[in-house]
Every structure is written in C-alpha cells, then in structure tokens.
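Let's take a walk through this protein together. Have the sequence and the 3D view ready, and follow along as we go.

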Amino acid sequence: MKDQIEAFAPPDAAQAITTDRLVLRPLEIADAGWVGRESGRPEVAGKLALVPSPNPALFAEMFILAARARALNAGDLVSAIVARETGAPLGVIGASARGEGRFGFGYWLAPSAWGKGYATEAGRAMVAALTARGARTLKAGWFTDNPASARVLEKLGFVHNGEDEPQFCTAALSKRPHRGMTLEIGPKTV
C-alpha cells in the first residue's frame, strides 16, 4: 500500500533538471489541463503517435499517473518542460525504459514554443540525465511530415537506423510514413 501512495505523492523537487532557460521537472496531476490542451492541438497531436486530438484532461491525468508509476517501477523518466524564469509550461519530454540500458525517447512542445531551440535544449539535458542513469541506446522516430523533429534529433546525435515502417497516429486514425533514429551513448548491449 505504501508503494501505491508514494506513486501519487507530490514529485521531489530534487528530481528537476535545470538548463539555461528551462526546468525539466516531474509531471504533476495539476499539469493535466495544459498537457491535455496543448498536446491535443491538431498541429501537435498529428506529429505524435499516441496522443488523440482533442486530448481530454482525464486522458492527460491517466498519462501522468501512468508515467509516475512507470518511473517508480520501470525507470522511465518523463518531465514537464517549463520556462525557468516564469514557470510557463512549454511541453513534455521523456524516455521509457526498455531494459538493458535501452530507452524510447520522445518529446513535444506547445506551438507557442516552436522554433526557439527549446526542444534541443531540453533534449540535451534529458540525454545527459539518461546517460547518468546508465542509458546506452535511445530510440526515437518522427513522422516524415515533421522535418523539424528530425533536425532536433540530429542535433542530439541521433542517426537514421533504417526502421522506416509506417506508424499509427492516433490523432489521424491512420498509419503514416515514419523514420526511426537511434542514439548510441555507449557500448552496445547484448
């Protein structure tokens, strides 16, 4: 029972990652409103695999609770991206543990935060945090109508891995062309 209570406890501020302009902090239930609203915008959700459009706050709450539970039980690291000076929410970034130092990596930003270098800045901080946790391989991908995401991943050191199978986009309710990318941080795991 204690483990269940801790999964819903307020996040530890010590888990925050600070950059020049951003703070990456654990998601809180109070974030559900903006997470649902911003991730559910058609121009955002259409670039993501698993986010519906619209994305009701209840769905965002479930996502946050699941992310917090997986952080405790599986080693996932999912953070809100907020402006360091104002605390304004900008997006979400995270990695899902896949065992043996392997993680799936992803992020999204609200349209008001696009084109300002926030994704790259947050991505560098997240990659550093994952490296400190022993990550060896990060996998990510992008729908081919979103070359801005490809540029961010390339700046972070990801390279095309040949995994170019169409992926289902929940917001579009269809499979869409998708390119896979990988970042090798250390020695390959067996």
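A residue is called buried when its relative accessible area is under 20%. Keep in mind that what you're looking at is a predicted model. Now try that cut-off on Asp 76: its relative accessible area is 5%, so Asp 76 is buried. Its side chain meets that of Arg 70 in a salt bridge, with 2.7 Å from N to O. Arg 70 itself, at 37% relative accessibility, counts as partly exposed.

Why would two such side chains meet? Side chains of opposite charge can pair when their charged atoms come close. Searching the whole structure turns up 8 salt bridges. Another one brings together the side chains of Arg 41 and Glu 38, again listed at 2.7 Å from N to O. Here Glu 38 is buried at 12%, while Arg 41 is partly exposed at 31%.

Next, look at Arg 179 and Asp 164, whose closest N and O atoms are 3.9 Å apart in their salt bridge. This pair links distant parts of the chain: Arg 179 sits in strand 10, and Asp 164 lies in the loop between strand 7 and strand 8, 15 residues apart.

How values were computed: Residues numbered from 1 in each chain as written. Predicted model: local features only at pLDDT ≥ 70, side-chain atom pairs only at ≥ 80, totals over all residues. Heavy atoms only, no water. Salt bridge = Lys/Arg side-chain N within 4 Å of Asp/Glu carboxyl O. Buried < 20%, exposed > 50% of the residue type's maximum accessible area, 1.4 Å probe, protein only. Helix = DSSP H or I, 4+ residues; strand = E, 2+ residues; numbered from the N terminus.
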